[in-house]
Amino acid sequence: MKTKEETFYHALEFRKDLCMGCSHCMMKCPTQAIRVIDGKAELNPNRCIDCGECFRTCPYGAISVKQDDFEKIYNYKYRIALMPSVFTAQFPDKVTYPEIYKALLSIGFTHVYETENSVDCLVKPYNEYIAKSEEKPVISSFCPAIVRLIQVRFPTLVDNIMLIKPPMDATAMYIKKIFEDKGIPFSEVGIFYITPCAAKIAGIKSPATDEESLISGVINMDYLYNRIYREIKQNSFGKDSDEENFVQMSKQSLYWSLTTGEVRIVDTPHKMAIDQINNVIEFLEKVENESIEDIDFLELRACYQSCAGGVLCAGNKFMTTDRANKRARRTSPNSVENVDWEKYADYIESNCLLTGKVEPRSIVKLDDNMVEAMKKMKRINEINNLLPQVDCGICGSPSCQSLAEDIVQNNADMKKCIFVQKILQQNDKLGLPESIDLMKQTWGVGKLDKNLVHEIRDEIEVDKP
């Protein structure tokens, strides 16, 4: 039987037919999950956290983000669009919320719910959890990429992760409840989340805890944005003058998906919001080393500008944030009265805790035998100390440390290091043909094509003074 690690879902897909082996993705990956082998990028699934940085940086479109077939919605009688507020903020100001709502219905959905509708119901559980938690700082579980980052890179902090359902899951739970209370079997209800990032796809398909998601499918935001915008342009849906009929959420709900959205609802003054994956890593290293004190709560987001900067957002992150802020400022500071949500508030509060716990995930499982694993770790350190510490990536690994790990795991040879090759060549321990073969193993045949020698020589001659 496969373990959870072996079935861990990843939304990112690498296309070798488009990959040029440029190594941009390898050098950008925050968990060193990518290697270049035979001129193509390859993903190590145990290291990947689906943050999407590789997707964002690839200049050749060789990395894509998987989504469910849109036609899947027709498997259900009741087809729910679960829409984050940043989706509406993608559109130009001239497009109204009622138009977006009507366009979603026109392409096949029967109902539309905004994801953050459940935020008001999570305020009390959030503050109670933080007050009672013995592990400080409590780290929000809102961003799935951050949860996975902690699992694979900061495993000692997994007990700090808040075990409360994010609004996406809390709202799905509410939808399930209201349909069941109407006598409609949940098997007839399909909830489809419009995602701004790859991490939320992975989080839905493969939750960090044992709790199964109520969401039936995921639709990429960039795809749906283009489809809805085209639908609005081609049809006359009318611009309702009373937009407040659509704006049903409170100010704190509308701020939620933006940076500082969570810290706004937390009572403790000892709180902090950090966005962008590298900033988060830098801060978590300090938390892990216990050099950070007096912080009760951390809101951590993998993307700059949080969900507005998701890799699947179609619009500019700063314009999206500005529109989302404008919408929040137009809204009453108090919770919007919503009879349905008030009716189910107690139900949501009572059922918002996640079942199970978040478990650490091994980035590099050196050996099942602890003694052998310790020996291998010692060997990794020894090899790493012999390497030049340049982190040039020419070996096909992103750093000298990662190359040392690959060598100990029998996935690489020390002679892959270009500096080691030159040292061996100087001492007549390595011939040119073998050196070229080693380079081909990493970068493929194309980049070392003998036929290019004349063109290169001609260019060198031309450049001579």
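Buried residues are those under 20% relative accessible area. By that criterion, 52% of the 465 residues in this predicted model are buried.

**Figure 1. Overall content of the predicted model.** The protein comprises 18 helices and eleven strands. Among its contacts with a separation of 6 or more, 79% are made by residues 24 or more positions apart. Buried residues account for 52% of the chain's 465 residues.

**Figure 2. The largest nonpolar core and its residues with the most contacts, F87 and I228.** This core contains 130 residues. Helix α7, spanning residues 167-181, supplies the largest share of the core, namely eight residues. In soluble globular proteins, nonpolar side chains tend to be buried together.

**Figure 3. Surroundings of F87.** When neighbours within four places in sequence are set aside, F87 is in contact with I100, I194, M221, L224, Y225 and I228. One of these partners, I228, is named together with F87 as having the most contacts inside the largest nonpolar core. Another core, of 14 residues, lies apart from the largest one. Its members include C400, I407, A412 and C417.

**Figure 4. Packing of helix α6 (residues 144-153) with helix α11 (residues 277-288).** The two axes come within 12 Å and cross at roughly 45 degrees. An angle of this value makes α6 oblique to α11, and the crossing in which α6 passes α11 is right-handed. On the α6 side, the residues in contact are I146, L149, I150 and R153. Their counterparts in α11 are I277, V280, I281, L284, E285 and E288. By class, this contact holds seven nonpolar and three charged residues, with no polar ones.

**Figure 5. Packing of helix α14 (residues 370-386) with helix α15 (residues 400-408).** Here the helices pack at an angle of about 130 degrees, and their axes are 9 Å apart. Angles over 145 degrees count as roughly antiparallel and those from 65 to 115 as roughly perpendicular; α14 and α15 are therefore oblique to each other. α14 passes α15 in a right-handed crossing. From α14, the contact involves K376, R379, I380, I383 and N384. These meet C400, Q401, A404, E405, I407 and V408 in α15. The contact residues divide into six nonpolar, two polar and three charged.

How values were computed
Residues are numbered from 1 along each chain as its sequence is written. This is a predicted model: local features need pLDDT of at least 70, side-chain atom pairs count only at pLDDT 80 or more; totals for chains, interfaces and linings use all residues. Side-chain values use heavy atoms; hydrogens and water are left out. Axes are lines fitted to C-alpha atoms, for helices over the stretch in contact, and angles run from 0 to 180 degrees between N-to-C directions. Helices (H or I, at least four residues) and strands (E, at least two) are DSSP runs, numbered from the N terminus. Angles under 35 degrees count as roughly parallel, over 145 as roughly antiparallel, 65 to 115 as roughly perpendicular and the rest as oblique. A crossing is left-handed if the near helix is turned anticlockwise from the far one by less than a right angle, and right-handed if clockwise. Contact means heavy atoms within 4.5 Å. Ala, Val, Leu, Ile, Met, Phe, Trp, Tyr, Cys and Pro count as nonpolar, Asp, Glu, Lys and Arg as charged, and the others, Gly among them, as polar. A nonpolar core is a set of buried Ala, Val, Leu, Ile, Met, Phe, Trp, Tyr and Cys residues joined through side-chain atoms within 4.5 Å. Buried means under 20% relative accessible area, exposed over 50%, partly exposed in between (1.4 Å probe, protein chains only).
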